Amino acid sequence: MAILYNTDKSLKERVADCLEDDFKHNAIKTAQEVFYVGRGKLVAEMEGWEDLRRHAVEVRNHVTENLDYYVKQFAQNAEKNGCIMHYAPSGDDALWEVLDIFEKHGASYAVKSKSMMTEEVGLNEILEETGIKITETDCAENILQTAESKPSHIVVPALHFDREAIAQIYREKRGYDGSSVPEEITHYLRKILRHEFMEAEVGIRGCNFAVASTGSVTLVTNEGNGRMVDSFPKVQIVFVGIDRIVPDLEALDTMMALLPRSAVGAKMTAYFSLDSGPAGPGEVDGPEEVHIILMDNGRHTLANTEFSDMLRCMRCGACLNICPVYRHITGHGYGSIYPGPMGLVLTPGLVGYDDIDNMVYACSLCGACSEHCPVGIPIHDLIREHRIKIVEEHKNHAIEVPIFKALELFWSNVPVYKFGMKVGEPIMKALAHGDTALAEDSAWIPVVKGWTSTRDFDILSSTRFRTWFKEHKEEQAAQKAHGVEGGEQ
Ligand code: SF4
């Protein structure tokens, strides 16, 4: 699976790289504030927001509990609309299906609009390896493709580049000779992409929601590229995750009331398409052939675990926009195409624990994500659940076991505890060279340095709390007797 990237570096190294990049922080901070404030304003002025959220939870849970039924209903209705269905249990199956379609049509050129499912299976890399040219047509995705970079946010993927960097990327890679004025860059892109839309034999796209009762697929974008991808090329391939199915148009309406508000703090996006099959007789626009890749890739398995709530996710990014950890380590710190709080649940849910390093610990468990999630996913609880499972499955670091065993002994045995406090104080004092806390200069001490490199570690006190409290009370009483003000109120 292509969910993980930059895995030749450890989580710590990736995070260190990101922490050094001030531009990224400021970009993320600004985006978080814009989206967060926008969302907050719309939510405050919308009547029944919480009712809508509750309804969305019911709808999404209902689909998860009846996943097979809705997958079948969607597939049957899409087939009735004239679509060709392909069921892909794994990412590799999806890739084979796509390669078959290209081979059958002798096609070697495709345009694509943003799709997380294609990122998940590494479609671009495989097509390019087999000599098929694929062009990303979403502005941000095109920037990433040209720069050979990875998305840093699930909704605004090229957040880590500013206009200067973008202009420079096109200058170096594509011979762009214009300025860094955004309008000029987009006009340039529009010109080159228009030609590519006309030339491409296959259009590849994602799907925000698939409607079971009508067999339709939706596309929610703020650029017109999606509509060009799904109407210009003769052959269209739509990637649909089975967790994207909603029962009917009414349920779709509920999701669409939540999605743009939660994602970018807008009532609606510039474009919303609901496509039902290839062009019909007499219709001018639209593809001649529509293939739908209905992709499982671990979702059925997830539906039967304690992480099934995650299948409600609509990829709005609201949890990223509020997360204090994401704000600092940015999307690239996680090393997954699904970053931030949602990624900490979904990534190990899809790829397991072996290759994710310490990813699930990149969370303070503050719970802000769960509060903001439009479909009420208890994200921080699920992150904690992953941590528990990692320990239960003995996938945690081997050194943790003796450390926690020692702590258990220390905290649960009174004589050991007393002895530890007694010897701990002078040892720590010696290490702190007379200071009241271990600080940055303790970075040479293994394990402790993880804490002291950024914060102080107060020295243990061998004075028992009871003793301190008794002395404190006696002192106060003495002060009171002598009429000294300012004691305990
Ligand atoms: S977990 Fe919730 S807030 Fe985060 S992307 Fe998914 S739906 Fe949005």
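Predicted model: local features only at pLDDT ≥ 70, side-chain atom pairs only at ≥ 80, totals over all residues.
Visitor: Which domains does the chain have?
Guide: The domain assignment gives two entries: domain 1 at 64-303 and domain 2 at 400-481.

Visitor: How far apart are the C-alpha centres of domain 1 and domain 2?
Guide: They lie 56 Å apart.

Visitor: Now the ligand. How many residues are around it, and which come nearest?
Guide: There are 14 residues around the ligand. Cys313, Cys316, Cys319, Met342 and Cys373 come nearest.

Visitor: What is the geometry of helix 16 and helix 18?
Guide: Helix 16 covers residues 340-351 and helix 18 covers 379-392. Their axes come within 9 Å and cross at roughly 40°. Helix 16 is therefore oblique to helix 18.

Visitor: Left-handed or right-handed, that crossing of helix 16 and helix 18?
Guide: Left-handed.

Visitor: Next pair. At what angle do helix 3 and helix 12 pack?
Guide: About 130°, with the axes 10 Å apart. So helix 3 is oblique to helix 12. Helix 3 spans residues 49-65, and helix 12 spans 249-264. Helix 3 passes helix 12 in a left-handed crossing.

Visitor: Which residues meet in helix 3 and helix 12?
Guide: From helix 3, Leu52, His55, Ala56 and Val59. From helix 12, Ala251, Thr254, Met255, Ala257 and Leu258. The classes are seven nonpolar, two polar and no charged residues.

Visitor: Last one. How far apart are the axes of helix 9 and helix 10?
Guide: They are 10 Å apart, and the packing angle is about 35°. Helix 9 runs over residues 163-174 and helix 10 over 182-199. The crossing of this pair is left-handed.

Visitor: What makes the contact of helix 9 and helix 10?
Guide: Helix 9 brings Arg163, Ile166, Ala167 and Tyr170. Helix 10 brings Pro182, Ile185 and Tyr188.

Visitor: And how many charged residues does the contact of helix 9 with helix 10 have?
Guide: One charged residue, alongside six nonpolar and no polar ones.

Definitions and conventions:
Residues numbered from 1 in each chain as written. Domains from an automatic or database assignment. Axes fitted to C-alpha atoms, helices over the stretch in contact; angles between N-to-C directions. Helix = DSSP H or I, 4+ residues; strand = E, 2+ residues; numbered from the N terminus. Parallel < 35°, antiparallel > 145°, perpendicular 65-115°, else oblique. Left-handed = near helix turned anticlockwise from the far one by under 90°. Near = placed C-beta within 6 Å. Contact = placed C-beta atoms within 7 Å. Nonpolar A, V, L, I, M, F, W, Y, C, P; charged D, E, K, R; others polar.
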